[in-house]
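Hi there,

Here is the structure I promised to pass on. Have a look at it first, and then read on for some notes on its salt bridges.

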Amino acid sequence: MIDDHSFALCLTHDVDRPYKTYHAAYYALRDRDPEHLRSLLPGTNSFWTFDRIMEIEDELGVRSAFYFLSEQDLFRERPPREWVTKDGWRLFGGRYSVDDRRIVDLIHELDAGGWEVGLHGSYESSTDPDRLADEKRTIERVLDEPIVGGRQHYLKLSIPKTWHHHADLGLKYDTSLGSSDDYGFQNGYSIQRPFDDEFVVFPLTIMELALPNVETDIEGAWEECERLLEEAADNGAVMTILWHPRFFSELDFPNYAELYGRIIERAQELGGWVGPPGEYYAHLDHPEPPITAKQMG
Amino acid sequence: MTADFSDEAYASLLDAGLNAGYEFITVREYLSSETLPEQFLIVRHDVDRKPMNALQMARTEALRGISTTYYVRAIPKTFRPELIQQLETLGHEVGYHYEDLDTADGDVEAAHDSFDRNLRRFRRLCDVETICMHGNPLTPHDNREMWAGDHSYADYGLLGEAYLSMDFEDVTYFSDTGRTWEDGPLKVKDHTMGEGDKQVQVDTTWELIDLLSATDVDRACLLIHPNRWAGSYAELLAERTKDAATNVVKYGLQLRP
């Protein structure tokens, strides 16, 4: 474990939807609340929460990782039959381009401020190494330095193939091993080394979506989070959490930002190390690679 | 003939300062130095829009070994992290061009909360020790008034504010607001505070160059908005048109009862 810390809490954010587009109308109808439509006005976008996240983490003295997605565009890159399907819109609608000026500026601001910028592999990239390589290059071109790791979109993994692709591309870690409807240490308390080498898997402990009734019963959700933190402290665990940036919008997802802050504060009280996976990875010692016949000979 | 308020005119202005023996110092250096040079120029840039123009000016200055001060607004149009870091890398001072009292609609406490957040954003990118207010002629507030109460720059670890902390009796102030160096009604909020009683006036950059070449003033502060200076004739024409329209509004504001 890093220094004298008893456990680690790794903070991550998947940048899926920084702009509230068609969701504004959907939420307005679902919640019968026209306030959601304000996000359609210029200069107002409740899903753009990055300033708030940076403030929260800065005040708590921590940093996290933001994984950026270079997803296919529904209308330019997907077949017309998908334009009218729910899955088409869910997977490929309302995304963003990593080359958007606001995204470029955001990536530079995060990087300059000490946050980690990583790769959020697109939906089809888990089995398509060429696509994944292209996405990695796209983000690294903006970042102007190599990416260390990331997470696959929708936690979509083909084990161990996807991790082989990651390692072949030079990625050092992945955080996709987990669930969007369950939380806990089902995948163990430690990092994993699927190839017994320097490539590391950080099992995902909590995705905010999986927590029960956060909007209506924050104390109930908090009890679950605190229980997991104590379990992590008792077992010297590496706990990794995922909070999507849009969940910091109080209008759209009440209580999630507060819960996130509480988790960090409690982890610090319990003596945990808190930070991005890339920084944790940098502190790790790795197994010696096996000596090959060529080296011996 | 070289057009006024063009990149070439700006380079000529800098060269005139250097040739006349002025030392160029930043606002930070002015506020932190125990002894100041006998003859100096402080070039202060307010980056209100067109941040790439600021970078162009920064390069022009760096080529001449000149360090100046860039005050950048915290709006998406100008808060460009990579550019801000480039300004600092080129050897210039970067400060926060604040307008928090405007954005908080006059609520001083809300303005300080906003100021604190924005200053921290800047400081994650660069070393900010001085600030300067942004004057929007269309708002009823003067952003400098957020310092009238209990709050001080020192609370934020700042050396000072470019309008409020300089001695304008000693340092003569020239501003390009309204695309003229002459003081008048076009400079709605761009005026110094205190007793600075200006003895000289110039209109064009060429007149300012003559003034500096003759070293008629020993110490001066030049406010230069990069967006007002153009790299091409088309940009100059567009900017002049925009300024003419803005000036009509400003004259109108002066005529209000």
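To start with a question: is Asp15(B) buried, partly exposed or exposed? Asp15(B) turns out to be partly exposed, its relative accessible area being 29%. Do keep in mind that this is a predicted model.

The partner of Asp15(B) is Arg64(B): their side chains form a salt bridge, 2.7 Å from N to O. Asp15(B) sits in helix α1 (residues 7-19) of chain B, while Arg64(B) belongs to the loop between α3 (51-63) and β3 (69-72) of chain B, so this pair ties together parts that are 49 residues apart in sequence. Arg64(B) is also partly exposed, at 28% relative accessibility.

Over all chains, the search of the whole structure came up with 31 salt bridges.

In chain A, Glu219(A) pairs with Arg262(A), and their closest N and O atoms are 2.9 Å apart. Glu219(A) is partly exposed at 41% relative accessible area, whereas Arg262(A) counts as buried at 18%.

Back in chain B, Arg144(B) and Asp142(B) make a salt bridge with 3.1 Å between the closest N and O atoms. Arg144(B) is buried, with a relative accessible area of 4%, and Asp142(B) counts as buried too, at 13%.

Finally, a network of salt bridges links Asp58(A), Glu59(A) and Arg63(A) with Asp116(B), Arg120(B) and Arg124(B).

Best wishes

Note on methods. Residues numbered from 1 in each chain as written. Chains lettered and ligands numbered in written order. Predicted model: local features only at pLDDT ≥ 70, side-chain atom pairs only at ≥ 80, totals over all residues. Heavy atoms only, no water. Salt bridge = Lys/Arg side-chain N within 4 Å of Asp/Glu carboxyl O. Buried < 20%, exposed > 50% of the residue type's maximum accessible area, 1.4 Å probe, protein only. Helix = DSSP H or I, 4+ residues; strand = E, 2+ residues; numbered from the N terminus.
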